[in-house]
Amino acid sequence: MSILLSFNQATNKENYVQMKIINIKNKTEALMSLERFRLKEQSGVEIKLINVHLCEINALVGEKIFSKNDLYVTGETLYEIMQPIGDGHGRHHYHGLSPKLVLETLNNAKFPYGIYKAGNQRYVIVTISTNITGENVVLIVEIGASLKGVRDANINKLVSIYPRRNIDKKINENKGSKFR
């Protein structure tokens, strides 16, 4: 576990954020780490996922979308996507993904099936990973995002991972979609 320190100029205060680093290249350790986030107690931690290689997508789509390779995600997000399928609390839904499928999806993000914009700063990365019913698994990534305690972090933040039906139709509906 590491600590990220930043200085908030607006309040003249230092911010400390507890952060776990997960190297997705090290499959065994990454799976063990992801497994821990099935527990609610881990949901207050920020996570830096290294070796995701998001910048490689830029060359595939011919446009600079991502300026950093790594992804950040909250423990709460990982907790929610790995709970049994159903409604979570409030605006969140449980997606029933296994740690193995989450890791596979993160590894496959650098070679997406497609990518499209979903809002001002959000992109949907459609991976070749599929769940047990054959639906493509997508990543929602917000660029230029912040962490809970660090406003100006300017990071790539993983908002969600979930299976998506009829993905080809969805990609075709979005202007500016990019295919591999």
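# Burial, pairing and contacts

Me: Does glutamine 83 count as buried or exposed, and what is its relative accessibility?
Reply: In this predicted model, a residue is buried when its relative accessible area is under 20%. Glutamine 83 falls in that class, so it counts as buried, and its relative accessibility is 12%.

Me: In which loop is the place of glutamine 83, and how far apart in space are glutamine 83 and glycine 96, C-alpha to C-alpha?
Reply: The loop in question runs between α3 (75-81) and β5 (86-87). Not counting residues up to four places away in sequence, glutamine 83 touches Arg38, Tyr94, His95 and Gly96. Glycine 96 is 13 residues from glutamine 83 in sequence, and the C-alpha to C-alpha distance is 5.0 Å.

Me: Which backbone atom does the side chain of glutamine 83 reach, and at what distance?
Reply: Arg38 is one of the residues that glutamine 83 touches. The side chain of glutamine 83 reaches the backbone oxygen of arginine 38, at 3.1 Å.

Me: How many residues apart in sequence are the parts tied together by aspartate 70 and lysine 48?
Reply: Aspartate 70 forms a salt bridge with lysine 48, and their closest N and O atoms are 3.8 Å apart. Aspartate 70 lies in the loop between α2 (55-61) and β4 (71-74), whereas lysine 48 lies in strand β3 (residues 46-50), so the pair ties together parts whose separation in sequence is 22 residues.

Me: Which strands hold glutamate 142 and arginine 122?
Reply: The side chains of glutamate 142 and arginine 122 meet in a salt bridge of 3.3 Å, N to O. The pair ties together parts that are 20 residues apart in sequence, because glutamate 142 lies in strand β9 (residues 136-145) and arginine 122 in strand β8 (residues 122-130). Glutamate 142 is partly exposed with a relative accessible area of 22%, and arginine 122 is partly exposed with 33%. The strands asked for are therefore β9 and β8.

Me: Which residue takes a positive phi in the hairpin of β7 and β8?
Reply: Strand β7 (residues 114-117) pairs with β8 in the antiparallel sense over four bridges, and lysine 117 stands opposite tyrosine 123 in β8. Four residues lie between the strands of this hairpin, and the residue with a positive phi, near 115 degrees, is glycine 119.

Me: What distance separates the C-alpha atoms of asparagine 174 and tyrosine 116?
Reply: Asparagine 174 lies in the loop between α5 (167-173) and β11 (178-179). Not counting residues up to four places away in sequence, asparagine 174 touches Tyr116 and Lys117. Asparagine 174 and tyrosine 116 are 58 residues apart along the chain, yet their C-alpha atoms are separated by 6.6 Å.

Me: How many residues of helix α4 are buried?
Reply: The buried residues of α4 are Pro99, Leu101, Val102, Leu103, Thr105, Leu106 and Asn108. Helix α4 (residues 99-108) is largely enclosed by the rest of the structure, because the number of its ten residues that are buried is seven.

Me: What arc do the buried residues of helix α1 cover around the axis?
Reply: The buried residues of helix α1 (residues 27-36) are Ala30, Ser33 and Leu34. They lie on the same side of α1, because around the axis they cover an arc of only 100 degrees.

Me: How many residues does the largest nonpolar core have?
Reply: Leu49, Phe66, Leu78, Val102 and Leu158 have the most contacts inside this core. Leaving aside neighbours within four places in sequence, leucine 158 is in contact with residues including Leu49, Leu71, Val73, Leu106 and Ile140. Apart from this core lies another, of seven residues, among them Tyr116, Val124, Ile167 and Ile171. The residue count of the largest nonpolar core is 34.

Me: Does asparagine 166 count as buried or exposed?
Reply: The place of asparagine 166 is in the loop between β10 (155-164) and α5. Asparagine 166 has a positive phi of about 50 degrees although it is not a glycine. With a relative accessibility of 60%, asparagine 166 counts as exposed.

Notes:
Residues are numbered from 1 along each chain as its sequence is written. This is a predicted model: local features need pLDDT of at least 70, side-chain atom pairs count only at pLDDT 80 or more; totals for chains, interfaces and linings use all residues. Side-chain values use heavy atoms; hydrogens and water are left out. A nonpolar core is a set of buried Ala, Val, Leu, Ile, Met, Phe, Trp, Tyr and Cys residues joined through side-chain atoms within 4.5 Å. Buried means under 20% relative accessible area, exposed over 50%, partly exposed in between (1.4 Å probe, protein chains only). Contact means heavy atoms within 4.5 Å. A salt bridge is a side-chain nitrogen of Lys or Arg within 4 Å of a carboxyl oxygen of Asp or Glu. Helices (H or I, at least four residues) and strands (E, at least two) are DSSP runs, numbered from the N terminus. Two strands pair if DSSP finds at least two bridges between them. The arc is that of the directions from the helix axis to the C-beta atoms. A polar contact is a pair of N or O atoms within 3.5 Å; within protein, one must be able to donate a hydrogen and the other to accept it, and residues adjacent in sequence count only if both atoms are side-chain atoms.
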